[in-house]
Amino acid sequence: YHSRIFALVDVNNCYVSCERVFDPSLNGKPVVVLSNNDGCVVARSAEAKALGIKMGIPYFQIKDFLQQHRVAVFSSNYALYADMSARVMNTLEQLCPDVEVYSIDEAFLYLGRYPAALNDLTAYAKLIKTTVERHTGIPVGVGVGKTKTLAKLANYAAKKYPATQGICVLDKESWIERLMAITPVEEVWGIGRQHTKKLHSLGITTVEQFAAMPHSLVRQHFSVVMERTNLELNGVMCLGLEAAMAKQEIVSSRSFSKKISELEDLSQAVMGHVSKAAVKLRKQQSVCKILVVFAKTSAFNPNEPYQSIRGQYQFINATCDTRVMIAGARQVLERIYKPNLKYAKAGVMLCAIQDQATIVDDLFEKPDLLKQQQSQKLMAMMDAINQQMAHQSKAQAKGSSKGNGGRLYIASTGIAKQQDWQMNRAFLSPSYTTKLSDLLTVH
């Protein structure tokens, strides 16, 4: 048995794959998904990449090209992608007892305590791939290695080389050496542009060369993190599975589909973001002491100078009550608001976040315990109702277009239907899995 073995499961072209599940006619055709307000390309199918479409390129620059080549274009459907991601992760948790969800489209599996996997790693990797695809319709790649960094490297090979059929198990030294010899060093997990430049200046261009560097030399030129990466490539486990950590800062912000100047419009947008951030705060059972409000004009308009406004509110007692947070945000916005500016983006940031169970009250301002209990019950009921109503909590967490953040909301966040500055998503697909009216009909 291998005592320490990791698998990395990665969804192939996540956003595109989610769209294809419910529209099989897109299979084999070029598809792109756009960012907020249909601004830039954030996901591309293999066929779209083959056409030379670059990641991050603005939609307006290639609109004619996309039409000419009959590329299917979609707005980001965050509710759909979050729900499909959850289905993939739930499937993985049924296949392995130790799973770390790394991102919306990636998860690490620790196989060291799972004899069924260790008996035949290749067969188990195939089981993972086929089960996920059968249960969700989502294609995945599976990489297996002695460390998380080697599992990442294996996953890179599974995606890059068709002969692997989406599975790469690095359980033989000769295979590890061969893959390292033909892989550019910048493909290693955690090695960014600056590290790559420095490595190239030292004559290190392949993974094999970096793995062969003496630890003392790595430590001399780079950080401890890079030394760990080097050790991991040599089979020394430095990174284990990480438990989900509560966020120390929570940000909710978004660009507007059209610029706004009026205080009332800006206030509704900011209060909507306060509501969404408060839901996230309560979800991780935390409270915050500081709330920051910000808004900015466009940095890309040559005819108008870039300007931003920013201010913060410090609560006497840490809170997660949406009503209290909105009241504080309103005071800040009225203080920092500048008329005659055309605001392109606004948002809030929650700081000084504490665990709800370990709150330290203000020395001179003791909270009213009855009001505190009533607040907790009200917020819990509000969250529960919104979660039950068409899975709104997932849409909130991943970018719902509703300014008020749910079916039950604070009036000052405004009515979404009247907010014509809300995010523009002209190519939005149906919410196949989170909205009853959008369920597919089988004839």
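Five strands make up an open sheet here, ordered β5-β6-β1-β7-β8, with mixed pairing. This is a predicted model, where local features need pLDDT of at least 70 and side-chain atom pairs count only at pLDDT 80 or more, while totals for chains, interfaces and linings use all residues. Residues are numbered from 1 along each chain as its sequence is written, and side-chain values use heavy atoms, with hydrogens and water left out.

**The sheet**
- At the edges sit β5 (99-103) and β8 (167-169), each pairing on one side only; two strands pair if DSSP finds at least two bridges between them.
- Strands, like helices, are DSSP runs numbered from the N terminus (E, at least two residues, for strands; H or I, at least four, for helices).
- From one strand to the next, the twist averages 15°, with axes taken as lines fitted to C-alpha atoms (for helices over the stretch in contact) and angles running from 0 to 180 degrees between N-to-C directions.
- β5 and strand β6 (residues 106-110) run antiparallel and are joined by four bridges.
- Across from Phe 108 in β6 you'll find Glu 100.

**The second largest pocket**
- This pocket holds about 800 Å³ of space, a volume being the space filled by probe spheres set on grid points that are joined across faces, edges and corners.
- A pocket is an open set of points on a 1 Å grid over the protein atoms alone, with protein on both sides within 12 Å along at least five of seven lines; a cavity is a set where a 1.4 Å probe fits but cannot get out, and lining residues have an atom within 4 Å of a point.
- Out of 25 lining residues, Asn 37, Gly 39, Ser 255, Ser 298 and Phe 300 come closest to the centre of the second largest pocket.
- Two or more lining residues each come from α3 (59-68), β9 (250-260), β10 and β12 (343-355), and β9 gives the largest share, seven residues.
- By class, the lining splits into nine nonpolar, ten polar and six charged residues (Ala, Val, Leu, Ile, Met, Phe, Trp, Tyr, Cys and Pro are nonpolar; Asp, Glu, Lys and Arg are charged; the others, Gly among them, are polar).

**Two residues to look at**
- Lys 289 belongs to strand β10 (residues 286-297) and is buried, at 16% relative accessible area (buried is under 20%, exposed over 50%, partly exposed in between, using a 1.4 Å probe and protein chains only).
- Beyond neighbours within four places in sequence, Lys 289 has contacts including Phe 315, Asn 317 and Cys 351 (contact means heavy atoms within 4.5 Å).
- Thr 164, in the loop between α7 (148-160) and β8, is partly exposed at 22%.
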